[in-house]
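Student: I've just opened this one and I'd like to get my bearings. Could we go through it together?

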Amino acid sequence: MREMFAGMPWWVKWVAVPVIALVVFGGLIASVVGFVIGLLFKALVFVALVGGLIFVVRKFMASSSSSGDW
């Protein structure tokens, strides 16, 4: 493979080959990137919901324990 690219101009190695790879594998790359971004977004929503639940439960427990001291 190195011998094949050795005689080629620089633009073939650094422009043409990556463009061909993007054309061939572009859909696959886009779906993988979309999946990763979707997974990160779902993880962020999960963390926010769990944090909100913990906040509400602590707030409720603090108000119920302070009113029970009467």
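Student: Okay, how many helices and strands does the protein have?
Tutor: Keep in mind that this is a predicted model. Strands are quick to count, as there are 0 of them. The helices come to 2.

Student: What is the radius of gyration of the protein, next to that of a compact globule of 70 residues?
Tutor: Start with the overall span: the C-alpha trace covers about 90 × 20 × 15 Å along its principal axes. A compact globule of 70 residues would have a radius of gyration near 11 Å. For the protein, the value is 27 Å.

Student: And what percentage of the 70 residues count as buried?
Tutor: To count as buried, a residue needs under 20% relative accessible area. The protein exposes about 6,500 Å², with carbon and sulfur atoms supplying 80% of that. The share of its 70 residues that count as buried is 1%.

Student: Let's pick a residue. Is Leu44 buried or exposed?
Tutor: Leu44 sits in helix 2, which covers residues 10-67. Its C-alpha atom is 32 Å from that of Val23, 21 residues away along the chain. The cut-off for exposed is over 50%. Because its relative accessibility is 56%, Leu44 counts as exposed.

Student: Now Leu22: how far apart are its C-alpha atom and that of Met8?
Tutor: Leu22 is also part of helix 2. With 54% relative accessibility, Leu22 counts as exposed. Along the chain, Leu22 and Met8 are 14 residues apart, and the separation of their C-alpha atoms is 20 Å.

Note on methods:
Residues are numbered from 1 along each chain as its sequence is written. This is a predicted model: local features need pLDDT of at least 70, side-chain atom pairs count only at pLDDT 80 or more; totals for chains, interfaces and linings use all residues. Side-chain values use heavy atoms; hydrogens and water are left out. Helices (H or I, at least four residues) and strands (E, at least two) are DSSP runs, numbered from the N terminus. Buried means under 20% relative accessible area, exposed over 50%, partly exposed in between (1.4 Å probe, protein chains only). The radius of gyration is taken over C-alpha atoms; the globule rule is 2.2 Å times the number of residues to the power 0.38. Accessible areas come from the Shrake-Rupley method with a 1.4 Å probe; for residues, only the protein chains shown count as cover.
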